[in-house]
Structures are given as structure tokens and as C-alpha cells.
Amino acid sequence: TDDFFKNIVSHAKEYGFVFPSSEIYDGLSAVYDYGQLGSELKNNLKTYWWKAMVQLNENIVGIDAAIFMHPTTWKASGHVDGFNDPMIDNKDSKKRYRADQLIEDKITRYEKDGKTEKATKLQQDLDDALSTDDLARLKAIIEEHAIVCPISGTSNWTEVRQFNLMFATQMGAMADGAEQVYLRPETAQGIFVNFLNVQKTGRMKIPFGIAQIGKAFRNEVIARQFIMRMREFEQMELQFFVRPGTEMEWYNKWKETRLKWHLALGSNPEKYRYHDHVKLAHYANAAVDIEYDFPFGFKEVEGIHSRTDFDLKQHQEFSKKKLQYFDPEINQNYIPYVVETSIGLDRLFLTVLANSLVEEDLSTEEKQDSRTVLRFHPVIAPVKAAVLPLTKKDGLPEKAREISAKLKLDYNIQYDEKDAIGKRYRRQDAIGTPFCITVDHQTLEDNTVTIRERDSMEQYRVNADELTNKIGELVSW
Ligand code: ATP
């Protein structure tokens, strides 16, 4: 599985999906750039989310709030005082770790070694320590389970300390009263402060939702596992406003709906599980993670939280503006309760890569052969089809370009005439293109082309004039 993970990272780089940030300067820790295919895939994932969450729901609308917010926002939300990670340093290697993650890694190891009981017990201990913010207990657990530093191999640890994750910067000219502002650590607060703006201008009636896709920033204590834990990342969040007392019903509904959404991408259901939180964040009365079985174990991809009226109430108190809703059905004013679904786009991207990347053995008795395929669902594939002239002569390139120019109006298409056709098919397999369209001599006679399907490698002929509709059928739901 370590090898599989390495393959994912190197494949992502080799084919232009993800590059380390500022690589010519040796990179910047936990920051990544999306390349030519990565940005297409990411855009398609955003569209898939936006379509499902916003456009297909009459009572959900989307916004795009600024990254900078009034600094009081973060006092009200609790981030200034409470957005901390417990960290611990190894005195020998001088490396810093998140105490809870060291323990989680141990749990994963117990699970892998079949020590299920030990794993369950340790998970409980961890949840208990976290729910009471018991830093001394975290340290004690690390000692009891003889957890060592992966670098130095020793257990010579410091005490566990809290570390705030927000990035701060200055706004305005420094001399005349510069103000400290933060890069937002979550997109949710941009939705809460706009709650009344959207409710009033959109004439929204409870229950309704506000969705948003955008960057978030966290000064993670440790950076690791590729795009799993980044310092600059992207979130796709829904805040769903409901009548107090109905929140558990909506929480359960969203919990189910969101898992279905993941599975609709064609993922293997066995790779997903729910993890109910025992430790609840200060704002929540119920919380669950949707976890994916990454090559390094089950980890959170998405969180569903019942946030009560905590955020709106806090903002009402700090801003001194009423953030209430008049519910005409029961003739009452109240601060709505909120159910949130929050997914990391980059983590989703990683699940999609892990789900899709396969090495296929195609060996026959005559010869050894294999291919690397990204089996993306056609809807999210960065390139929908490649148009390939069989040879570079006899007018085939001209015909192929003509077909490609037409398809480009509707789909992301690649035209490729370099190398033998088999090699070109393999290149498209490796970037997950679901269909290759080959233009050959017969095309010039009867205007038909072959469509080669990525997964089955089967080929069949269709009329070139039908391609736009045909591809449309193949790449839609
Ligand atoms: P973790 O426990 O893994 O740090 P979290 O519980 O702090 O995550 P939330 O605050 O619930 O995460 O954020 C919602 C989602 O945002 C997560 O499910 C995850 O997909 C994504 N996310 C959070 N932190 C990061 C990060 N540093 N890099 C990439 N994605 C992230």
C-alpha cells in the first residue's frame, strides 16, 4: 500500500495533475499546485458538487464570500481562542507532531496487525482525552503505548501544547493603525455572516441552505500525505438552516445523502465508512465523518455536523444585529439551527485518484503487456475524448482536426497525432480519457469513426455527425 501511494503521487506529477508548489525552489511544505489536468479534474468535481447541492435543490443557493473577513468574526466563531491542535516535540529529532495524529497512527497500526480490541480501546482513550482537552492525558497515552518518533525512533517527548492554526496578516498601511486580519480557516463563517442577506434577498423559507466553494488556510502543525493535509486547501460547504428541534432529522438525512453522493462517483462502497464523533466540537450537538480507506488507512474526507444555533447566536451577540428568522408557519421568531456538510476538495481529489488508478496486466501467451489506467467516471474525467488520426497522411489529420474542432465546443478534447496508435491509446488511458475517436481511411469513404472505450478497450463505429450527441450520452449521468 505504501507503493500504491507512491504510485499515486508520482503518477499525479508525471501527467500534470499535481505539482509541489514553487518546485524550482524545492517546494513549500504542504502547499501544492494543480497542473493542466488536475485543474480540469478539480473543476469537474466542483461542478459535480455544485450541481448536486445547489442547482438540483430548489431550497439551496450558492454564494462566494471573500477570504478576508472582519477580525471579530473569528472571535465570535471561537477560532481565536479555540482553534488549536495539540502538538508535541521529539527532543532528539527536534521534529514536531500532532499528538492526536501520533496516536491515530498507532490505532491504524493496531488495526493492521489485527489487534482490534486494542485499537478500539485506544480510540476511546483518545476521544476522551480530546473531548476534555486533557493535554497531560495525551502525553500519558503516548508513553503508555510506547509511541516513538518516526525519525529518531525515540520516545523522548516534550509536554503537549496548544497551537493556533490561523494564519494572521496585516490589512491597510502599517503606519496608520494596521489591523490584524486572518486568512479564513473555514468557509462556513462567510455563510453565517451573510445569512440574513441571502434569506431576505432570496426570499428563502426555512428549511433552506447556503452553499459555498472556496479556499481555506490552516497552519497545520505537520504537513504530510500529499494533498491530504495542506496549509492552503479548498472546501465545499453547505450550511442548512432548520427549525430548532428538527436538526437531528436533517442531520440524518444529510448524512445519508452525502454518502450516496460519494458512491455515485462509482467508488467502491467498501472503501467508505462513517465515524461518529464522541468528541464534539464546541459548536456541535452531533457530528460524523465520512471516512475513506486511503492507502494509509481510513481518514476523514467529509464532516457532517449539527452546529445548533451556536454560530448565528455568537454573531448576533458580537455584531449586536438580530440574526433571526420569522417562521410564518408557526408565527415565531427564532435563531435557526444549522446542519453543515463540509468536504475538502483536495481530499476528494485524492480519493478519486486512489479509486481510479489501476495497473492492468494484459499479457497473453505470446507477449507480456500491461497498462496504467485512471478509471475516472466519465462525468469527472478531465479529457472527455481524444481525436486521433490513424496516420499522419492521406488527409486523415485534416479530417480529425475538423471533428475535434466541432467537439471542442461542447467538451474538453485532445487532438493527438504523434506516435503509433497503440501508444496514443495508452497515453489517454493514463490520464483517464474515457473515449478515443479514431479517424481512418474508411472515415474518408463513409464518414464513420471508431470509438474505443477506455475500460473495456472495445471498439465500434459510429457516424462522425453523431459524435456530439453520442459523447454527450456517454459522459452524462
Ligand atoms: P482533520 O481532523 O483531518 O484535521 P478537521 O476535522 O479539522 O480535519 P474540518 O474542520 O471538519 O476538518 O474540515 C472539513 C473538511 O475539510 C475535512 O473533512 C477535510 O476534507 C477538509 N480539510 C480540513 N483540513 C484540511 C487540510 N489541512 N488539508 C486538506 N483538507 C482539509
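This is a predicted model: local features need pLDDT of at least 70, side-chain atom pairs count only at pLDDT 80 or more; totals for chains, interfaces and linings use all residues.
In which loop is K320 found? Residues are numbered from 1 along each chain as its sequence is written. K320 is found in the loop between helix 11 and strand 14, where helices (H or I, at least four residues) and strands (E, at least two) are DSSP runs numbered from the N terminus. The phi angle of K320 is near 60 degrees, a positive value in a residue other than glycine. K320 counts as exposed because 7 other C-beta atoms lie within 10 Å; a residue is called buried if 20 or more other C-beta atoms lie within 10 Å of its own, exposed if 12 or fewer, and partly exposed in between, with C-beta atoms placed from the backbone.

Q324 is likewise found in the loop between helix 11 (310-319) and strand 14 (325-327), and Q324 is partly exposed because it has 16 C-beta neighbours inside 10 Å. When residues up to four places away in sequence are not counted, Q324 touches N333, Y334 and I335, a contact being two residues whose C-beta atoms, placed from the backbone, lie within 7 Å. The C-alpha atom of Q324 is separated by 63 Å from that of K418, which is 94 residues away along the chain.

Two further loops have backbone features of note. In the loop between strand 19 (385-389) and helix 13 (396-407) lies D394, whose phi is near 60 degrees, again a positive value in a residue other than glycine. The peptide bond from I206 to P207 is cis, with omega near 5 degrees, and P207 has its place in the loop between helix 9 (195-201) and strand 9 (208-217).

Helix 6 was examined from end to end. At 1.5 Å a residue, the 16 residues of helix 6 (residues 116-131) should span 22 Å, and the end C-alpha atoms are 22 Å apart, which agrees; the expected span is 1.5 Å times one less than the number of residues. The buried residues of helix 6 are L122, L126, A129 and L130. Seen down the helix axis, these buried residues fall within an arc of 95 degrees, so they line one face of helix 6, the arc being that of the directions from the helix axis to the C-beta atoms. What covers them includes helix 5 (99-112) and helix 7 (135-144), whereas the face turned away from the buried side carries the exposed residues T116, E117 and Q124. Just after helix 6, D133 takes a positive phi of about 50 degrees.

Around the ligand there are 16 residues, of which the closest are M230, F233, G303, S342 and G344; a residue is near a molecule or strand if its C-beta atom, placed from the backbone, lies within 6 Å of it. Strand 10 (232-242), strand 13 (297-308), strand 16 (337-344) and helix 12 (345-356) each give two or more residues to this shell, and the largest share, four residues, comes from strand 13.

For the chain as a whole, the secondary structure comes to 16 helices and 23 strands, and 34% of the 477 residues count as buried. The chain is divided into domain 1 (2-67 + 185-353) and domain 2 (383-475), with bounds that come from an automatic or database domain assignment.
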